[in-house]
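Subject: Model for your review

Dear colleague,

Here is the structure I said I would pass on. My notes on it follow below.

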Amino acid sequence: MLHPHSSTRTPGRTRPLLRDRFLPAVRTSAPSRTTAQHAAGLYRSYSITVMRVSVGVVFCWFGVLKLFPAASPAEEIAAAAMTKLTGGLVPAQVSLPLLGSMETLIGLALVTGRLLRPALVLFFAHMVGVFASLALLPETMWHHGMPTLEGQYVLKNIVLVAACLAVTADELTR
């Protein structure tokens, strides 16, 4: 059935496509739509790898910064959270290189795909500690119920967790 507001054959469609309702003059021809679909299909087969490598690069970057004093914007938060998590047993001068090394190793595993499963376990354990800082350091993370800049820095890790969940699902189904 050919809808009067659409150039697309869609069996049973009674309403115009959203695209045609809001952008009636912007229509793509069938060949370019096929090309776009082909490109999307091609990318889909590499999307998890691209995401894994991208997160790995970000993790390497954040980790390496923690290896150099005063280079990481998260240095104070990381040290304070680690001190609270360990009950003061791990001092900041030890925790920052430890965190930096761990993040760099996780990043390298994500980039290369080697030792991926242990790295993902380490990643999720690390994220538990990262998100624990929201509760352990409320005066730093929150202001009148809204996240501070430091809190937002921690909350952005939700995206990294979502990406690594996809990478984990892909890895476990191989």
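A word on terms before the findings: a residue is called buried under 20% relative accessible area, exposed over 50%, and partly exposed in between, with a 1.4 Å probe and protein chains only. This is a predicted model, in which local features need pLDDT of at least 70 and side-chain atom pairs count only at pLDDT 80 or more, while totals for chains, interfaces and linings use all residues. Residues are numbered from 1 along each chain as its sequence is written, and side-chain values use heavy atoms, with hydrogens and water left out.

Confidence and overall layout

The predictor's confidence in each residue is given as pLDDT, from 0 to 100. The average for the protein chain is 87, and 82% of the residues score at least 70. Residues 1-7 stay under 50, and the model has 19 contacts for them beyond four places in sequence; a contact means heavy atoms within 4.5 Å. Where pLDDT is low, the predicted coordinates should not be read in detail.

The protein chain has eight helices and two strands, in the order α-α-α-α-α-α-β-β-α-α along the sequence. Both kinds of element are DSSP runs numbered from the N terminus: helices are H or I with at least four residues, strands are E with at least two. Of the 174 residues in the protein chain, 32% are buried. Its accessible surface is about 11000 Å², with 70% belonging to carbon and sulfur atoms; such areas come from the Shrake-Rupley method with a 1.4 Å probe, and for residues only the protein chains shown count as cover. Among contacts between residues at least 6 apart in sequence, 56% join residues at least 24 apart.

Helix H5

H5 has 21 residues and spans 30 Å from its first C-alpha to its last, close to the 30 Å expected at 1.5 Å a residue. The expected span is 1.5 Å times one less than the number of residues. Its buried residues include Leu116, Leu120, Phe123, His126 and Val130.

Leu122 also belongs to H5, which covers residues 116-136. Leu122 counts as partly exposed because its relative accessibility is 33%. Beyond its neighbours within four places in sequence, Leu122 is in contact with Met102 and Ile106. The C-alpha atoms of Leu122 and Ile106 are 7.2 Å apart, for a separation of 16 residues in sequence.

His126, in the same helix H5, is buried at 8% relative accessibility. With neighbours within four places left aside, His126 contacts Phe59, Leu99, Met102 and Glu103.

Salt bridges

The count comes to three salt bridges, where a salt bridge is a side-chain nitrogen of Lys or Arg within 4 Å of a carboxyl oxygen of Asp or Glu.

- Glu103 and Lys66 meet at 2.9 Å, N to O. Glu103 is in helix H4 (residues 92-112) and Lys66 in helix H2, so this pair ties together parts that are 37 residues apart in sequence. Glu103 is buried at 6% relative accessible area, and Lys66 is buried at 8%.
- Glu171 pairs with Arg117, with the closest N and O atoms 3.3 Å apart. This pair links distant parts of the chain, Glu171 in helix H8 (residues 157-172) and Arg117 in helix H5, 54 residues apart. Glu171 is buried, at 17%, whereas Arg117 is partly exposed, at 42%.
- Asp170 and Arg174 meet at 2.8 Å, N to O. Asp170 is partly exposed at 24% relative accessibility, and Arg174 is exposed at 70%.

Cys164 lies in helix H8 and is buried, with a relative accessible area of 0%. Not counting residues up to four places away in sequence, Cys164 touches Val55, Leu110, Leu120, Phe123 and Phe124. Its C-alpha is 9.8 Å from that of Gly56, 108 residues away along the chain.

On the surface, Leu42, Tyr43, Tyr46 and Val50 form a nonpolar patch with about 400 Å² of accessible area together. Patches are made of residues with over 30% relative accessible area and no salt bridge, like charges being joined within 9 Å and nonpolar side chains (Val, Leu, Ile, Met, Phe, Trp, Tyr) within 5 Å. Leu42 sits in helix H2 (residues 30-66) and is partly exposed, at 44% relative accessibility.

Regards
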